[in-house]
Amino acid sequence: MLAILCALLLSPYNPAGAVFQKLYCTISDSCDCDFKPSVRDLEWDLYKNVYGQHLAQDIVSEEVARFLQEKKPDRPLVLSFHGSSGTGKTLVSSMLGNHLYGSAMSSPYVHQLVPTLHFPLHQHVNEYREDLRSWVQGNLTECARSIFIFDEMEKMPPGLIDVLEPFLGPSHVVFRTNYRKAIYIFISTVGEEAINRLALENRRAGQDREEIRLADLQEAIEQTVYNNNTSGFFQSRIIQQNLITRFVPFLPLSRRHVERCARSQLCQRGSCARSDVVEAVGGDMTYTPVQGQYFSTTGCKAVPAKINIFL
């Protein structure tokens, strides 16, 4: 009977289908709204278009694949991205939207919050907590497969994000919805010092970049995030209760990575052959430390603007 109801309500030939689809998604565990995941395409996009991030590529592809294999996961997928500006954190978040919903941020089920825009006044934390709780619960009720992206967590008022604790654990119930199907992405620059320090030590030791392991960074990132009193995760119960699936480090980018970003951008503009522009962009970046000039201080973030100068 449930299958027949689904066919009737979701049939493109049924004029009432559009009206009832939303209701059906709300009351049924088997309906995933517009969710059309392509893990293989996600993996390909990560390995083709994210440069210098073997850890992020492996962790994201593995965790998403594992999560989607579970028809009824016991808790949501919660990933926390950490690293310097321009290293690919936002790009990977966009890829998740593209390959899980096919439309990135334009999907009504992919939600992004930016603290400076949505939570600008720290003195209003109590109001924000209630608003955020109601907003997340409302979106989960509408679609269990919701994706929530919290950008610039280093600017999030401390104490606010803990309102999500019940949604991230195994016990909360949201209006008969399997809220455990949701995905949460937190993006932050907090932890970049530990990540960059290890990358620098690795480079100076003459080791291959791919030798850096997640185990070398996981605890350092977690402790830094938890103890940073300006971070949205400062002494957070979400971390205390181990509700983050993985902390994902994004390593600083070298000149060769920046030049790959430049070439990719040029190809999108139909100018793949402009190696002179690629070299000019790479040479015009600022690199650190002073002795060695190993890593770009802005990653790939400034590449489009630089291309406009040299093209």
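This is a predicted model: local features need pLDDT of at least 70, side-chain atom pairs count only at pLDDT 80 or more; totals for chains, interfaces and linings use all residues.
A residue is described as buried when its relative accessible area is under 20%. Of the 311 residues of the protein, 49% count as buried. The protein exposes about 15000 Å², of which carbon and sulfur atoms supply 51%.

The secondary structure comprises 14 helices and seven strands. Among contacts between residues at least 6 apart in sequence, 73% join residues at least 24 apart. Strand β1 (residues 77–83) pairs with strand β5 in the parallel sense, over five bridges. Within this arrangement, His-82 stands opposite Pro-249 of β5. Strand β5 (residues 246–250) is largely enclosed by the rest of the structure, because four of its five residues are buried.

The largest nonpolar core contains 70 residues, among which Phe-150, Leu-164 and Tyr-184 touch the most other members. Helix α4 (residues 54–69) provides the largest share of this core, namely seven residues. A second, separate core consists of 14 residues, including Cys-261, Ala-262, Val-303 and Ile-307. When residues up to four places away in sequence are not counted, the residues touched by Phe-150 include Leu-113, Leu-132, Met-156 and Leu-164. Tyr-184, Ile-185, Phe-186 and Ile-187 are also among the residues that Phe-150 touches.

Aromatic side chains were examined next. The structure holds nine aromatic pairs. One of them, formed by Tyr-101 and Tyr-109, is tilted, with 5.7 Å centre to centre and 35° between the planes. These two residues and Phe-35 form one aromatic cluster. In the pair formed by Phe-148 and Tyr-184, the ring centres are 5.1 Å apart and the planes lie at 20°, so this pair is stacked. The pair links distant parts of the chain, since Phe-148 belongs to strand β3 (residues 147–150) and Tyr-184 to strand β4 (residues 183–188), 36 residues apart. Phe-148 is buried, with a relative accessible area of 0%, and Tyr-184 is likewise buried, with a relative accessible area of 0%.

Phe-148 also takes part in the surroundings of Asn-139. Asn-139 lies in helix α7 (residues 125–142) and counts as buried because its relative accessibility is 11%. With neighbours within four places in sequence left aside, Asn-139 is in contact with His-111, Ser-146 and Phe-148. Asn-139 and Tyr-179 are 40 residues apart in sequence, while the distance between them in space is 9.8 Å, C-alpha to C-alpha.

How values were computed: Residues are numbered from 1 along each chain as its sequence is written. Side-chain values use heavy atoms; hydrogens and water are left out. Helices (H or I, at least four residues) and strands (E, at least two) are DSSP runs, numbered from the N terminus. Buried means under 20% relative accessible area, exposed over 50%, partly exposed in between (1.4 Å probe, protein chains only). Contact means heavy atoms within 4.5 Å. Accessible areas come from the Shrake-Rupley method with a 1.4 Å probe; for residues, only the protein chains shown count as cover. A nonpolar core is a set of buried Ala, Val, Leu, Ile, Met, Phe, Trp, Tyr and Cys residues joined through side-chain atoms within 4.5 Å. Two strands pair if DSSP finds at least two bridges between them. Rings of Phe, Tyr and Trp (its six-membered ring) pair if their centres lie within 6.5 Å; planes under 30 degrees apart count as stacked, over 60 as edge-to-face and the rest as tilted.
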